[in-house]
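Hi there,

Here is the structure I promised to pass on. Have a look first, and my notes follow below.

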Amino acid sequence: MLSFIVSEAFVDLRRAGRVGVSAILLITLSLTALGGFWLLSLNLGRAVSQWRDRVRVVIFLREEPAGSALGDLVRRVEGLPGVQRVRYVSKSQALQSLRQSLGAQAGVLEQLPRNPLPASMEVTPDEDATTPEATRELTARLSALPEVEDVQGGAEWVEGLARWQRLFEIMGLGVGAVLALAAILTVTTATTLVLHVRRAETEIMRLVGASEAVIRLPQLLQGMVQGLLGAVVALALLEIAYAIGAPRLEPLLNLTLGLARAVFLSLPQILLLIAGGAGLGALGGLLARGRATA
């Protein structure tokens with residue numbers, strides 16, 4: 001019985017002809033668009049997570065504290081809400097760091113009458129305090145300290161990346177949904193055409209006692225096969241685009257976002273995309289069944 005249903009599904013797929021091929025093409029386009037935006041969102045999400053770990057707030061001090069005053073200031077900063085840890089940078093450490101950054105040009109520093117760099121503290125916020133609102137509140141608390149001259153740093157740039165990530169997710173879902181709807185309608189049309197062609201054959205099967213499941217399952221299976229074929233082709237296109245584009249884009253990603261390499265979809269995500277294709281095809285087959293029954 002199973003072999004009969006499967007063979008009938010593939011016979012129906014051939015009967016669908018160009019309409020069936022169009023359905024496969026539309027499923028391929030919808031899943032390729034969805035997968036493409038998914039890839040962009042996935043890699044932007046990695047950049048956002050990475051940069052959130054690097055968010056720092058730097059406070060510049062009016063005067064370099066000494067002795068117990070330094071320990072007291074560090075304890076007060078560490079006790080503020082949203083502070084994970086504090087690193088003190090003295091005036092001499094700041095000058096040494098600048099000297100290393102200048103390299104061969106460091107000799108110009110010897111001309112200075114005194115060290116002009118202020119002492120500072122590098123504050124690492126808690127994981128929950130890396131949003132723009134939380135860093136603004138932290139900045140306000142730090143600015144209120146009498147020893148603080150200026151406060152710099154924040155998470156606005158990271159949140160800008162997060163907004164781009166959400167935009168890509170919405171665009172991917174929107175474009176994918178429109179193309180998926182077109183694919184479902186095309187699968188429905190292809191399957192309905194096959195049902196009309198097989199109308200006489202179907203009536204004969206009912207007269208000899210065939211169940212509705214035996215009569216209808218080939219249409220459902222036909223839609224699933226179309227969806228699976230579309231998903232496999234979409235994944236092949238995405239893999240080819242990734243293999244060609246990733247080596248060329250990775251230097252730019254490293255320079256702008258700090259990502260050493262772009263990643264492709266994981267195995268669960270690939271399986272989800274394939275299941276989505278099969279689901280689209282199956283839904284088209286189910287709708288055709290309803291129309292034929294009506």
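What volume does the second largest pocket have? It comes to about 170 Å³. Before going further, please note that this is a predicted model, in which local features need pLDDT of at least 70 and side-chain atom pairs count only at pLDDT 80 or more, while totals for chains, interfaces and linings use all residues. Residues are numbered from 1 along each chain as its sequence is written, and side-chain values use heavy atoms, with hydrogens and water left out.

**Pockets**

A pocket here is an open set of points on a 1 Å grid over the protein atoms alone, where a 1.4 Å probe fits, with protein on both sides within 12 Å along at least five of seven lines; lining residues have an atom within 4 Å of a point. The volume is the space filled by probe spheres set on the points, which are joined across faces, edges and corners.

The lining of the second largest pocket includes S49, R52, D53, R56, D126 and E127. At least two of its lining residues come from each of α1, β2 (83-89) and β3 (120-125). (Helices are DSSP runs of H or I with at least four residues, strands are runs of E with at least two, and both are numbered from the N terminus.) By type, this lining has two nonpolar, four polar and six charged residues. Ala, Val, Leu, Ile, Met, Phe, Trp, Tyr, Cys and Pro count as nonpolar, Asp, Glu, Lys and Arg as charged, and the others, Gly among them, as polar.

The largest pocket has a volume of about 380 Å³. It is lined by 18 residues, and L40, N43, L249, L253 and A262 are the closest to its centre. Two or more lining residues come from each of α1 (2-52) and α7 (212-256), with α7 giving the largest share, eight residues. This lining is made up of 15 nonpolar and three polar residues, with no charged ones.

**Salt bridges**

Side chains of opposite charge can pair when their charged atoms come close. With a salt bridge taken as a side-chain nitrogen of Lys or Arg within 4 Å of a carboxyl oxygen of Asp or Glu, the whole structure has seven.

In one of them, E122 pairs with R56, and their closest N and O atoms are 3.7 Å apart. This pair joins strand β3 to the loop between α1 and β1 (57-61), 66 residues apart. E122 is partly exposed because its relative accessibility is 26% (buried means under 20% relative accessible area, exposed over 50%, partly exposed in between, with a 1.4 Å probe and protein chains only).

R62 and E149 form another salt bridge, at 3.1 Å between the closest N and O atoms. R62 sits in the loop between β1 and α2 (68-78) and E149 in strand β4, 87 residues apart. R62 has 51% relative accessibility, so it counts as exposed.

**Two more places to look**

G285 lies in helix α8 (residues 267-293) and is buried, because its relative accessible area is 2%. The C-alpha atoms of G285 and Q219 are separated by 5.6 Å, although the two are 66 residues apart along the chain.

L98 is found in helix α3 (residues 91-102), and its relative accessibility of 31% makes it partly exposed.

Best wishes
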